[in-house]
Each structure stands twice: as C-alpha cells, then as structure tokens.
Amino acid sequence: MTRTTLTPPPPPFVLTPDGSGLAEEIEAYLATLPAPARHPVVPYVAPLGSVVQPWNAAHPLPRPTLLDRITRRPPRPVRLTAAGHLRLTSRYIGAFGWLQGAMWDADGRVCLLGAQAAVLAHGYGTPATVQTARVQVMEILHATGRPVSSPDEYNDRPTTRQADIHQLLDRAAARAQSLGL
C-alpha cells in the first residue's frame, strides 16, 4: 500500500481594499459625479388643500372594557378637563354648524348647550366636567361686560354670531387651563 502525503490546503483568499485598488477606483468614479442639489427645507403644502379632520381628532374614542362588555353597560367616558371640553365643544360647532333658538335641528346644527350635550353624549367628560366648563363660560361673559343669566341666553341673542361663540369658548378654555381645570 502506498502512502500519499497530504499537502495542507492553501490559505483562504483574503481581499483587502488596500491591496486590490478597488477603493481607489470607486472613489475616482464618485468624484466624477455631480454634487447633489441642495433644496431649502420648506414645509410640504398639499396642492389640493388641507385634510378635513373629525371634530374629535387627537382624542381617543371611548372603548368598552371587558367588564363593560360583560355587564352590557356603555364604556366609561374619556377623561377630559374643562378646557378640553370647551375646545371640543367649539370644534363640534365648527363641524356640524351653529344654531339659535333650539338645541339642535334636523340638519345636525347645534347651539352652545346642544354642542356641550353632544360632546358629553359621545363619551367625552362627565356631567361635572360640563358644569365646570359652563361656569368658566359664565365667568368670561360677566368679565367681558355681558351679564346674562346663562350661556344659552347669550347664544340666543339676535346680535350673537357663531364667531362670538367660538371666541367665547376659546377664552373660557384658556381661563380654565390657566386655573388647571
């Protein structure tokens, strides 16, 4: 039997960027390319206008818990501050329209009280939140020289416009937020 000698295998082929000249070739090619154009950073503006958002955007929907489903009760309301309630009320009026002389009509328009009731009925806040918000509205009405017995009386005045209601709600929300309500 003849014995064969085994020769060790050759070392693995190792390619280094320094030895192959590949890195220099790539760098030379990249140097021939034109520099990318610099664009100033400007905000994107949609050509067809802005996207209409729902009145309750950025607020979670009331979700029933397992216990709510087992006991077949409505979900607990979403926690909301008085300032948040006033802002949602203004957004609700902006989305569905404003009305004088009635809480709501067949077209979906609402008065100030109707909007507050709708926000509450959709599961945002509690009756105590609504009461605190109404007190803040009354404070703004009296502080601005419009003494009325209720916000609804101011809503139904012939001289009151929808813009007045939005401004009133905005000022009341700012007051409530500054007071931590």
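Is tyrosine 92 buried or exposed? Tyrosine 92 has a relative accessibility of 9%, so this residue counts as buried. Buried here means under 20% relative accessible area, exposed means over 50%, and partly exposed is in between, with a 1.4 Å probe and protein chains only.

Before going on, a word on the source. This is a predicted model, where local features need pLDDT of at least 70 and side-chain atom pairs count only at pLDDT 80 or more, while totals for chains, interfaces and linings use all residues. Residues are numbered from 1 along each chain as its sequence is written, and side-chain values use heavy atoms, with hydrogens and water left out.

Now the overall layout. The chain has eight helices and zero strands. Helices (H or I, at least four residues) and strands (E, at least two) are DSSP runs, numbered from the N terminus. Of the 181 residues in the chain, 29% are buried. Taking contacts with a separation of 6 or more, 61% are between residues 24 or more positions apart; contact means heavy atoms within 4.5 Å. The accessible surface is about 13000 Å², and carbon and sulfur atoms hold 61% of that surface. Accessible areas come from the Shrake-Rupley method with a 1.4 Å probe, and for residues only the protein chains shown count as cover.

Back to the rings. A pair of aromatic rings is described by the distance of the centres and the angle of the planes. Rings of Phe, Tyr and Trp (its six-membered ring) pair if their centres lie within 6.5 Å; planes under 30 degrees apart count as stacked, over 60 as edge-to-face and the rest as tilted. The structure holds three aromatic pairs. One of them joins tryptophan 55 and tyrosine 92, edge-to-face, at 5.0 Å centre to centre with 85 degrees between the planes. That pair links distant parts of the chain, 37 residues apart: tryptophan 55 is in the loop between helix 2 and helix 3 (66-71), and tyrosine 92 is in helix 4 (residues 82-96). Tryptophan 55 counts as buried too, at 10% relative accessibility.

Tyrosine 92 also pairs with phenylalanine 96; the centres are 4.4 Å apart and the planes at 40 degrees, so this pair is tilted. These two residues are four apart in helix 4, so about one helical turn separates tyrosine 92 from phenylalanine 96. Phenylalanine 96 is partly exposed, at 37% relative accessibility. Ring pairs connect Trp55, Tyr92, Phe96 and Tyr124 in a cluster.

Staying in helix 4, threonine 89 lies there as well. What is its relative accessibility? The value is 0%, so threonine 89 counts as buried. Leaving out residues up to four places away in sequence, threonine 89 touches Leu112, Ala115, Gln116, Val119 and Leu169.

Next, helix 6. This helix covers residues 127-143, 17 residues in total, and reaches 24 Å from first C-alpha to last, close to the 24 Å expected at 1.5 Å a residue. The expected span is 1.5 Å times one less than the number of residues. Its buried residues include Thr129, Val130, Ala133 and Arg134. The cover over the buried residues of helix 6 includes helix 4, helix 5 (112-121), helix 7 (151-155) and helix 8 (162-178). After helix 6 comes glycine 145, with a positive phi near 80 degrees.

Last, leucine 22. This residue lies in helix 2 (residues 22-32) and is partly exposed, with a relative accessible area of 44%.
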